[in-house]
Amino acid sequence: MNFKKLLASAMTVAMLAGCSSGGGAASGSASAAAGDVKTYNVGVAIYQFNDNFMTLYRNEIEAYFKTLETDTVKYNVQIVDGKNDMAEQSNQVDSFITQGMDVIILNLVQTSSADAIIDKVVGAGIPCVLINREPLGDNGDESYAGILDNPTVCYVGADARQSGTYQGEIVAELPDKGDINGDGKVSYLMIEGDPENPDAQYRTQYSIKALEDAGITVEKIDDQIGNWDQKKGQEICSTALAQYGDAIEVVFCNNDAMALGAYAAITDAGRTVGTDIYLLGVDALDECVEMVNNGQMTGTVLNDAVGQSHKAVDVAVQLLNGEAIENYYWVDYVKVTKK
Ligand code: GAL
């Protein structure tokens with residue numbers, strides 16, 4: 001048992017002692033009411049409801065908690081919309097603390113604010129599962145002190161390096177390896193998510209690295225920030241196609257929402273995916289998987305909202321039950337190409 005786990009056990013005993021003395025239904029603490037039904041209060045703070053992928057994710061959190069309920073255990077799940085505003089989310093976390101949530105699942109608006117938020121959650125004795133937006137440690141890796149030093153804080157996510165690599169591999173595996181015009185290099189447009197977010201940074205970097213690792217020469221035509229947003233994806237792609245035309249052979253989008261926008265721009269510009277341009281996304285939204293299968297997108301990568309949400313909930317329940325947890329939990333991405 002490592003230090004974190006030892007500490008976890010000690011803190012858990014303290015937490016459970018706190019819970020059992022709660023009793024009052026409105027106290028916010030898990031309460032054992034008549035008939036021995038225990039209700040746990042769960043706060044879920046999502047960075048923004050207006051996000052296709054995080055909508056799937058949060059709906060699945062809610063649905064999965066329901067499936068775990070029994071005659072004696074209930075979960076009172078409150079999900080709030082941070083509206084992509086860190087100040088708003090910070091207030092929401094304060095309110096969770098005041099309400100005495102038994103556990104918090106936290107999708108940060110800004111990972112740069114992780115310390116401040118985690119400090120107050122830990123200070124209030126509430127365990128916390130970070131999801132989707134990973135605060136990196138000083139070395140830019142999985143050495144974040146807010147997780148390593150706190151026994152009741154962990155991160156559940158997917159390693160975005162893998163998703164970027166898969167995007168690049170999908171292009172490298174095409175018959176022309178992405179070089180449509182045969183000039184010996186793959187000329188691409190990159191449409192990035194929120195640049196503060198490791199998912200955006202890694203996908204941008206590793207998609208291109210995978211091409212280079214396959215011995216392919218690449219040329220960046222343009223790289224713009226679309227903040228995960230469909231409309232911005234469309235605007236960026238439309239402007240770039242107007243400016244650079246046929247020079248763009250591959251459009252890499254850090255997510256599917258922006259790829260949907262890019263697809264509209266590609267069609268408007270009279271270009272045809274699979275014939276004179278390639279289009280890649282990440283998330284594997286249902287409509288994008290359909291587009292991959294009918295050739296309107298070259299490929300996408302499954303960002304497993306079900307797997308990640310279930311893992312986050314399972315770990316939250318472990319924390320509620322006073323079990324020791326790991327620091328990091330990873331859910332694999334899966335490459336999606338035409339069936
Ligand atoms: C990514 C996902 C994006 C967006 C983002 C929000 O993992 O691919 O579509 O939801 O998370 O942080």
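1. In this predicted model, an oxygen atom of the ligand lies 2.8 Å from an N or O atom in the side chain of arginine 133, and for arginine 203 the distance from a side-chain N or O atom to a ligand oxygen is likewise 2.8 Å. A polar side-chain atom of asparagine 303 is 3.1 Å from an oxygen atom of the ligand; a polar contact here is a pair of N or O atoms within 3.5 Å. The ligand taken alone exposes 310 Å², of which the protein buries 99%, with accessible areas from the Shrake-Rupley method and a 1.4 Å probe.

2. Around the ligand there are 13 residues, of which Asn132, Arg133, Asp199, Arg203 and Asp283 come nearest, a residue being near if one of its heavy atoms lies within 4 Å. By class, the shell holds four nonpolar, four polar and five charged residues, where Asp, Glu, Lys and Arg count as charged and Gly is among the polar ones.

3. Because domain 1 (2-158 + 305-332) and domain 2 (161-302) both give residues to the shell, the ligand lies between them, the bounds coming from an automatic or database domain assignment.

4. On the conventions, residues are numbered from 1 along each chain as its sequence is written, and side-chain values use heavy atoms, with hydrogens and water left out. As the model is predicted, local features need pLDDT of at least 70 and side-chain atom pairs count only at pLDDT 80 or more, whereas totals for chains, interfaces and linings use all residues.

Methods: Polar contact = N/O pair within 3.5 Å; in protein donor to acceptor, adjacent residues only side chain to side chain.
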